[in-house]
Amino acid sequence: MNTKTKAFWIAFPLTVTAVSILAVSRLHRAASSSTAYNPPGKVADTPSAELTPPAAAPTPMEITIPAETEIEVRLNQSIATSRVVAGDPFYATVVNAVVVDGQTAIPAGAPVKGVVVSAREGGRLHGVAELRLALASVEINGSDYDLRSNSFTRFGHNHKKRNWEFIGGGAGGGALIGALAGGGKGALIGVPIAAGAGVAGAAATAKRDLVIPAETAMTFRLHESVEVHL
C-alpha cells in the first residue's frame, strides 16, 4: 500500500466524524431556536398551553305578566286628603310574589311606586272625602317597569244625617228661647236665628279628613300586560 492510500484511509474516517458532529450541532441549534422564540401574542403550541374557553353568559329570561293580574301591596306611609293632591307619588311594597307559569315575575318585597289619582276632602255641608290611588311602577333587580292598573278608591263617612240633626236641634232650641223671651212673636224670631246658628255649627264640625294608615294592604289589577327581564 503506497503512502497516498494510507493517508486516504486515515483521513476519511476523521472527515466523516467531523461532518457528523457539525450536522448534529446545527440540528441542536435549530431545535433550540424554534422552541425558545414565540412571536408576541402567540402561545407556544404545546398541550400544556391550551386555553379554556370562557363560560357562556346566562341568557336573560323574559316573562310577560298578563293583564288582569292582581298585585297586592302594603303602604309604606299614611296618605291623607289634607296632605296630598292629584299627581303626588306614594310608595309601597309587594306583599305576595307574582308568579307566572311557575316563574317568579315580581318577588315579594319589591318596591312599588304609585300615584294619587284624586284627593277630595269632605264638604262642610255635603260631599264625602275620597282618595283614589293607582300603581305607577315596580322595581325588579334594579330595573323599573311601568305599570298600568285600576284605581283603589276609599271614601270617607257621610255626615249628612248628623248635620241635619245638628241644624234641627239648633232650630228647636231657638224656638224655646224665643217663647221664653216674649211669646209667639219672639218664638218666630228665635227660629231663623237659631237655625242659622245650627248651620254654622254643622259647617264648622262636618269637615273631616280621610286617612289611609301606613301598612294598609291594597290590591290592584293590571290593565295592561308587563314584560320583565330576569
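Partly exposed means a relative accessible area between the buried range, under 20%, and the exposed range, over 50%. The views below show a predicted model.

**View 1. The salt bridge between E130 and R120.** R120 has a relative accessibility of 44%, so this residue counts as partly exposed. E130 is buried, because its relative accessible area is 13%. The two residues form a salt bridge, and their closest N and O atoms lie 3.2 Å apart. E130 belongs to strand β8 (residues 130–140) and R120 to strand β7 (residues 111–120), so the pair ties together parts that are 10 residues apart in sequence. Side chains of opposite charge can pair when their charged atoms come close.

**View 2. A network of salt bridges joining E68, E70 and R221.** Salt bridges with shared partners link these residues into one network. In the bridge between E68 and R221, the closest N and O atoms are 3.6 Å apart. E68 sits in the loop between β1 (62–65) and β2 (70–75), while R221 sits in strand β12 (residues 217–221), so this pair ties together parts that are 153 residues apart in sequence. In the bridge between R221 and E70, the closest N and O atoms are 2.8 Å apart. Here R221 lies in strand β12 and E70 in strand β2, so the pair ties together parts that are 151 residues apart in sequence. How exposed is E68? Its relative accessibility is 51%, so E68 counts as exposed. E70, at 47%, counts as partly exposed, and R221, with a relative accessible area of 33%, is also partly exposed. The count for the model comes to 3 salt bridges.

**View 3. S149 and its contacts.** S149 is found in the loop between β9 (143–146) and β10 (152–155). Its relative accessible area is 11%, so S149 is buried. The side chain of S149 reaches the backbone nitrogen of L135 at 3.0 Å. Residues up to four places away in sequence are not counted in the following list: S149 touches A134, L135, F220, R221, L222 and H223.

**View 4. E72 and its surroundings.** E72 is found in strand β2. With a relative accessible area of 27%, E72 is partly exposed. Setting aside neighbours within four places in sequence, E72 is in contact with T93, V94, V95, N96, A217, M218 and T219. T93 is 21 residues from E72 along the chain, and the C-alpha atoms of the two are separated by 8.5 Å.

**View 5. The largest nonpolar core and V138.** The largest nonpolar core has 33 residues. Those with the most contacts inside this core are I65, I71, I106 and V138. Strand β8 supplies the largest share of the core, 5 residues. V138 touches V94, I106, A110, P111, V112, S143, D144, Y145 and L147, not counting residues up to four places away in sequence. In soluble globular proteins, nonpolar side chains tend to be buried together.

Notes:
Residues are numbered from 1 along each chain as its sequence is written. This is a predicted model: local features need pLDDT of at least 70, side-chain atom pairs count only at pLDDT 80 or more; totals for chains, interfaces and linings use all residues. Side-chain values use heavy atoms; hydrogens and water are left out. A salt bridge is a side-chain nitrogen of Lys or Arg within 4 Å of a carboxyl oxygen of Asp or Glu. Helices (H or I, at least four residues) and strands (E, at least two) are DSSP runs, numbered from the N terminus. Buried means under 20% relative accessible area, exposed over 50%, partly exposed in between (1.4 Å probe, protein chains only). A polar contact is a pair of N or O atoms within 3.5 Å; within protein, one must be able to donate a hydrogen and the other to accept it, and residues adjacent in sequence count only if both atoms are side-chain atoms. Contact means heavy atoms within 4.5 Å. A nonpolar core is a set of buried Ala, Val, Leu, Ile, Met, Phe, Trp, Tyr and Cys residues joined through side-chain atoms within 4.5 Å.
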